[in-house]
Amino acid sequence: MIGLVFDGERAAIRDDLEVRAPGPTEVRVRMVAAGLCHSDISVINGTIPWNYPCVLGHEGAGIVDAVGEAVASVAPGDHVVLHTLAFCGLCEHCVTGQPARCRRSMGNASQPFTVGGEPCWNFAGASFFSEYTVVQANQCVKVDDDIDLSVACLIGCGVLTGIGSVWNRTNLGLGDTCAVIGVGGVGLNVIQGARAKGASRIIAVDTLPEKEEFARRLGATDFILGGPGVDLPAEVRRLVPFAGPTSNLENSGPFSAGGVDYAFECVGHPKLLEAALEMLDWGGTAVAVGVPAPTETVEVRVGLLTHVERTLTGSRAGSHRPQRDIPLIVGLYKQGLIELDALVSERYPLVEWERAADDLHHGKLARGVLQISEQ
Ligand SMILES: NC(=O)c1ccc[n+]([C@@H]2O[C@H](COP(=O)([O-])OP(=O)(O)OC[C@H]3O[C@@H](n4cnc5c(N)ncnc54)[C@H](O)[C@@H]3O)[C@@H](O)[C@H]2O)c1
Ligand SMILES: [Zn+2]
Ligand SMILES: [Zn+2]
């Protein structure tokens with residue numbers, strides 16, 4: 001079978017890939033479609049260190065091909081949306097509704113594949129850029145047969161990371177204001193998550209002007225073109241100024257009052273995370289969503305935490321609970337309350353993945369989807 005394999009230096013389509021039969025609690029899935037998330041690019045460019053050779057792809061949907069003897073939740077022929085959280089279901093984090101904090105769910109590195117006859121790693125317990133993959137049964141969430149899997153494939157990472165970062169990692173509510181830095185596949189979903197909660201201002205920030213249209217389509221009320229020399233906190237306070245009586249600075253009040261209630265960093269640049277913390281009003285929360293290299297650090301003015309109670313927090317895959325949240329998103333999509341179709345800018349055959357990566361780089365995509373087989 002074919003799949004996209006990273007060999008430690010470059011990624012390439014290989015046609016000598018094989019995957020083993022599912023173990024007792026596992027499922028083999030025929031992949032139908034998979035979204036290209038920036039985290040796949042980050043493995044290829046070395047930002048996210050990973051074992052190699054490995055099969056890339058971690059946001060997908062497909063049809064169950066075979067199940068292990070202990071699997072009762074899905075059966076061959078079922079249409080499934082896949083996710084990366086192979087949680088144990090038994091630990092204190094799982095039983096209190098935090099599967100993203102399950103120690104067993106991080107990485108899930110194993111070698112279910114061979115390439116050219118040699119053992120080959122999975123990526124993020126997923127490896128969806130392949131004709132077939134093997135995952136744990138609880139990574140498969142059944143959906144109705146009439147759902148277009150080339151759209152639903154985005155739910156497992158980009159959609160749930162973005163929406164979940166708002167819904168599960170903040171208290172953003174009706175009338176609150178927010179900024180979203182980096183409006184790719186993840187940031188656009190932060191925007192629609194904030195819109196669904198009734199945010200009054202959603203300020204999108206990106207260095208590519210092409211992104212403004214995508215962002216406004218998903219619910220952004222304002223757009224700031226970022227880049228070198230742009231003072232993002234000042235630009236945000238220009239849009240959401242301090243309105244109290246004691247203002248002595250332009251758009252800003254005591255202890256940097258003014259600015260947004262929430263700021264989401266969805267690029268993976270430490271300097272942008274620092275900017276996110278600086279653009280908050282008193283009591284605001286900055287959420288780290290983008291993933292830089294593991295050694296990167298940020299500088300925090302402690303006074304922003306002690307004097308005006310700002311918060312810096314993070315989000316792993318939107319802290320989602322897959323068996324609840326994937327059907328929830330599908331339901332909201334069917335009701336027209338969450339957009340998925342608008343996120344799919346183009347579909348590419350798997351062998352044309354480089355064209356998808358190039359289009360992503362040039363700002364042409366909300367998300368690019370690799371179509372692997374027919375539904
Ligand atoms: N926390 C998680 O669980 C999780 C899950 C998925 C993805 N991610 C990470 O989220 C980040 C975004 O992923 P994506 O798939 O949306 O990527 P993407 O490539 O689709 O989007 C990134 C966007 O950031 C913009 N950008 C780049 N530099 C910028 C800058 N200096 N200022 C403002 N905007 C800038 C790009 O133009 C692009 O629109 C990546 O770091 C990815 O690894 C994290
Ligand atoms: Zn991802
Ligand atoms: Zn667990």
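**Sheets, a buried tyrosine and the ligand shell**

Three strands make up an open sheet, ordered β2-β1-β5, with antiparallel pairing. The edge positions belong to β2 (11–14) and β5 (54–55). Each of these two has a single partner strand, so one side of each is left without a neighbour in the sheet. The model is predicted. Strand β1 (residues 3–6) and β5 run antiparallel and are joined by two bridges. V5 has V55 in β5 as its bridge partner.

Opposite L17 stands V115, a residue of β8.

Y262 lies in strand β15 (residues 260–265). The residue is buried, because 28 other C-beta atoms lie within 10 Å, and the cut-off for buried is 20 or more. Contacts beyond four places away in sequence fall on T170, L172, D176 and C178, and also on G284, T285 and V287. A286 is 24 residues from Y262 in sequence. In space, the C-alpha atoms of Y262 and A286 are 5.7 Å apart.

The shell around ligand 1 counts 33 residues. Of these, H38, G182, G184, V186 and G268 come nearest to the ligand. By class, the shell around ligand 1 holds 16 polar, 14 nonpolar and three charged residues. Both domains contribute to the shell. Domain 1 (3–158 + 319–371) supplies at least three residues, and domain 2 (170–314) likewise supplies at least three.

Methods: Residues are numbered from 1 along each chain as its sequence is written. Chains are lettered from A and ligands numbered from 1 in the order in which they are written. This is a predicted model: local features need pLDDT of at least 70, side-chain atom pairs count only at pLDDT 80 or more; totals for chains, interfaces and linings use all residues. A residue is near a molecule or strand if its C-beta atom, placed from the backbone, lies within 6 Å of it. Ala, Val, Leu, Ile, Met, Phe, Trp, Tyr, Cys and Pro count as nonpolar, Asp, Glu, Lys and Arg as charged, and the others, Gly among them, as polar. Domain bounds come from an automatic or database domain assignment. Helices (H or I, at least four residues) and strands (E, at least two) are DSSP runs, numbered from the N terminus. A residue is buried if 20 or more other C-beta atoms lie within 10 Å of its own, exposed if 12 or fewer, and partly exposed in between; C-beta atoms are placed from the backbone. Two residues are in contact if their C-beta atoms, placed from the backbone, lie within 7 Å. Two strands pair if DSSP finds at least two bridges between them.
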